[in-house]
Amino acid sequence: MVVIASIVLIAVTLLETRFPAPGLPVVAGLSLAGCLPVLIWRRLPLTAAVLSAGVALVGMVVPGWPGRLVATCLFCAAAAHRTRRPWLVLAASVVWVVIYGTLLPQSIGAATLTDLIVLGVAPVAVGRMLRLHAERAAQAARLDHAEARRALAEERAGLARDVHDSVGHHLTAIRIQATATRRALRGRTPAADKALGTIADLSSSALEEVRALLDTLRETSVEPDQEDLEELARRLSTPHLRIAVHRTGHGTPLPPDVSRTVYRIVQEALTNAARHSGATEVDVRVRRGRAAVAVSISDNGHARAGAEGRGIRGMRERAQRHGGTLTAGPGPRHGWLVEATVPMDAPPEL
């Protein structure tokens, strides 16, 4: 890549000036020096941009040499890949462009200086925009992955319940009928007694195996509960979206169904906030009382007016299955607010 970029710089210079005054070796050396920092831009993005910018300043002795383009691209890359102190990239880019402009043969006025500052800000702004786009794409991928895992876990749990209810019921009925018939025919036909005993034993063994397999299925698809909220917040947080979880009223563990319901409500609310609100901060508060768990999720984004979506309906249905309530709408001052109450003595989810 360095060689190709150097050749492009040399070719552009030759096309611009035909026979540059310092000669082809100087142009080739400057082009190679200006492109070498590309080798370290992933590990040291700002350093690479500053080095290339320094070479571009030296290369001003060659009329028409476009080495400044490499420095501009590296400042853009630095803004896109540097996560700490992005203002350093902006300051370095603006200072370099202003110095470059002041070294030009013609004098510069206030309007030209303004244009130079804009030229210094532009690559950094493009780089930050690319980084923001990449972060949002990565966050959307994490959300889709979490949703797929949730759907798979619910599907497997539902399958386990259906198999247990159907197969378990029939195996139990077979065992009961075989045992009852065996007692009714006690001692009359040894062959039938033996066959019925075998049926009862096999059905009992099959029922135990089915239950063991279903237990394994449940263990491999354990649904998260409200104790995993910090991990959920960590996965969905980005440099532009801070998610904080606050708990009060800790005590004995919540009933599993209630705990999972709290988790799913918070998960859906955070997903909506990340995708639709444009928020930079989200606060999750879980307060456990003696009879119920109160949950609130608030953000500082824009209120989403319109018809109630499937996400909100799903959260409300989860709360109502436990005899609870859920409200969702614009917050008292700004953003969006979701509040739910889930009773402790709620019946298990169906």
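A: Let's start at Ser296, which is in contact (heavy atoms within 4.5 Å) with Asp283, Val284, Arg285, Leu337, Val338 and Glu339, leaving aside its neighbours within four places in sequence. A word on the ground rules: this is a predicted model, where local features need pLDDT of at least 70 and side-chain atom pairs count only at pLDDT 80 or more, while totals for chains, interfaces and linings use all residues. Residues are numbered from 1 along each chain as its sequence is written, and side-chain values use heavy atoms, with hydrogens and water left out.

Ser296 sits in strand S3, residues 292–299. Helices (H or I, at least four residues) and strands (E, at least two) are DSSP runs, numbered from the N terminus. With a relative accessibility of 17%, Ser296 counts as buried; that term means under 20% relative accessible area, with exposed over 50% and partly exposed in between (1.4 Å probe, protein chains only).

Across from Ser296 stands Glu339 of S5. The two strands, S3 and S5, pair in the antiparallel sense over 7 bridges, where pairing requires that DSSP finds at least two bridges between two strands. Strand S5 (residues 336–343) is largely enclosed by the rest of the structure, because 6 of its 8 residues are buried. S5 also pairs antiparallel with strand S4 (residues 325–330), over 6 bridges, and here Leu326 has Ala340 in S5 as its bridge partner. S4 and S5 make a hairpin with 5 residues between them, and Gly335 in the turn has a positive phi of about 70°.

Going from S3 to strand S2 (residues 281–288), 7 bridges again join an antiparallel pair. Arg287 stands opposite Ala294 of S3 in this pairing.

Now for the whole sheet: 5 strands form an open sheet in the order S1-S2-S3-S5-S4, with mixed pairing. Strand S1 (242–248) and S4 are the edge strands, each with a single partner, so one side of each is left without a neighbour in the sheet. On average, neighbouring strands are turned by 10° against each other, direction ignored. Two helices pack on this sheet. Helix H8 (residues 229–236) touches S1 and S2, and its direction makes about 170° with that of S1. Helix H9 (residues 256–277) touches S1, S2, S3, S4 and S5, and makes about 10° with the direction of S3. For these angles, axes are lines fitted to C-alpha atoms (for helices over the stretch in contact), and the values run from 0 to 180 degrees between N-to-C directions.

Arg247 bridges to Glu230, with their closest N and O atoms 2.9 Å apart. This pair links distant parts of the chain, with Arg247 in strand S1 and Glu230 in helix H8, 17 residues apart. Arg247 is buried at 18% relative accessible area, whereas Glu230 is partly exposed at 38%. Within helix H8, the side chains of Arg234 and Glu231 meet in a salt bridge at 2.6 Å, N to O; these residues are 3 apart, about one turn of the helix. Arg234 counts as exposed at 54%, and Glu231 as partly exposed at 36%.

Finally, we return to Asp283, one of the residues in contact with Ser296. Its side chain meets that of Arg242 in a salt bridge (3.7 Å, N to O). Here, too, distant parts of the chain are linked: Asp283 in strand S2 and Arg242 in strand S1 are 41 residues apart. Both partners are partly exposed, Asp283 at 21% and Arg242 at 41%. Salt bridges that share partners join Arg242, Glu281 and Asp283 into one network.

Notes. A salt bridge is a side-chain nitrogen of Lys or Arg within 4 Å of a carboxyl oxygen of Asp or Glu.
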